[in-house]
Amino acid sequence: MSAQHQKGFSFALQFPVKLSEKFELHNDGGIRLRGDNMEVYQILYRSGLRYYFNKKYSTAAGFALFFTDGNLSSDEKKMGAEFRLWEEFMFQKSYPKDKILLRFRGEQRFFDDYGKKQSYGAEILRLLTQYTKKIYGNWSLQTSNEYFYQFRANFSQMDQDRIIVNAVYSNEKHHWELRTGFMEVIYPNKKYTDNLMLGISKKL
């Protein structure tokens, strides 16, 4: 089977809200485009509550809403709805010019039926490893890998593997960050998606 490549573009916004020294409201959303025409195929919003044990360790849980056009070979543009519950544990450590991050996330995904697809549920386990290196001034280079594994009724397999390289501009005084880069998503059966990425985050 020959490899199948698709193009894509992802735009993401993150606006965490500090509630206290220990608690933070998680907020992120985004839009994802696909194909040479860059048609919208996914819209998402994720929210939750994060608790910081200290500067290195935190945990969070919440919900997410996804709307996805999964009809790759059809002109039908109906968006299928997906509801998620998620839980994660995160470790991060900063050095003068380096930062490492490890995140383990579990997701319970519930898909509505649409088109020819029937409703179903799945458990996804995700492991993210990330390294950020300061290059010059406020600019950093960030490399990441996130591996997904899926469990369904009588079925389990690798879901996808994401390889990400970003240039990051950080404004620590005003607590915002700009990320732009490239992500390759590897799926089973020799399917790939090459994505350009743009992300903005600001702590409130």
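This is a predicted model: local features need pLDDT of at least 70, side-chain atom pairs count only at pLDDT 80 or more; totals for chains, interfaces and linings use all residues.
Reader: Hi! I clicked on F63 first. Is it buried, partly exposed or exposed?

Author: F63 is partly exposed, with a relative accessibility of 32%. Buried means under 20% relative accessible area, exposed means over 50%, and partly exposed is in between (1.4 Å probe, protein chains only).

Reader: Thanks! How many aromatic pairs does the structure hold?

Author: There are eight aromatic pairs. One of them joins Y45 and F63: the ring centres are 6.4 Å apart and the planes are at 65°, so this pair is edge-to-face. To count as a pair, rings of Phe, Tyr and Trp (its six-membered ring) must have centres within 6.5 Å; planes under 30 degrees apart are stacked, over 60 edge-to-face, and the rest tilted.

Reader: Which parts of the chain do Y45 and F63 tie together?

Author: Y45 is in strand 4 and F63 in strand 5, so the pair ties together parts 18 residues apart in sequence. Strands (E, at least two residues) and helices (H or I, at least four) are DSSP runs, numbered from the N terminus. Y45 itself is partly exposed, at 35% relative accessibility.

Reader: What about Y51 and F53, how are their rings arranged?

Author: Their planes are at 85° and their centres 5.1 Å apart, so Y51 and F53 make an edge-to-face pair. Y51 is partly exposed at 29%, and F53 is partly exposed at 42%. Together with F23, Y51 and F53 form one aromatic cluster.

Reader: New topic! Which residues make the nonpolar surface patch?

Author: V40, I43, Y45, F63, L65, F67, F83, L85 and F110 make a patch of about 720 Å². Patch residues have over 30% relative accessible area and no salt bridge; nonpolar side chains (Val, Leu, Ile, Met, Phe, Trp, Tyr) are joined within 5 Å, and like charges within 9 Å. The areas come from the Shrake-Rupley method with a 1.4 Å probe, and for residues only the protein chains shown count as cover.

Reader: Which strands supply at least two residues each?

Author: Strand 4 (39-52), strand 5 (57-68) and strand 6 (80-94) do. L85, for example, is found in strand 6, and L85 is partly exposed at 34%.

Reader: Okay, charges now. How many salt bridges are there?

Author: The structure holds 16 salt bridges. Each is a side-chain nitrogen of Lys or Arg within 4 Å of a carboxyl oxygen of Asp or Glu. In one of them, R109 meets E107 at 2.6 Å, N to O. R109 is buried at 9%, and E107 is buried at 1%.

Reader: How far apart are the closest N and O atoms of R126 and E146?

Author: They are 2.9 Å apart, in a salt bridge. R126 lies in strand 8 and E146 in strand 9 (residues 139-152), so this pair ties together parts 20 residues apart in sequence. Both R126 and E146 are buried.

Reader: And where is the partner of K134?

Author: K134 forms a salt bridge with E172, with the closest N and O atoms 3.9 Å apart. K134 is in strand 8, while E172 is in the loop between strand 10 (155-171) and strand 11 (176-187), 38 residues apart. K134 is partly exposed at 36%, whereas E172 is exposed at 61%. Salt bridges that share partners also join R50, E82, R84, E88, R103, R105, E107, R109, R126 and E146 into one network.

Reader: I also picked T132. What does its side chain do?

Author: The T132 side chain makes a polar contact with the side chain of Q142, at 3.1 Å. A polar contact is a pair of N or O atoms within 3.5 Å; within protein, one must be able to donate a hydrogen and the other to accept it, and residues adjacent in sequence count only if both atoms are side-chain atoms. T132 is in strand 8 (residues 120-136), and T132 is buried at 13%. Leaving aside neighbours within four places in sequence, T132 is in contact (heavy atoms within 4.5 Å) with K97, D98, K99, S140, L141 and Q142.

Reader: Last one: what is the phi of N154 near?

Author: It is near 60°, a positive value in a residue other than glycine. N154 is in the loop between strand 9 and strand 10, and N154 is exposed at 86%. H175 has a phi near 60° too; H175 is in the loop between strand 10 and strand 11.

Conventions
Residues are numbered from 1 along each chain as its sequence is written. Side-chain values use heavy atoms; hydrogens and water are left out.
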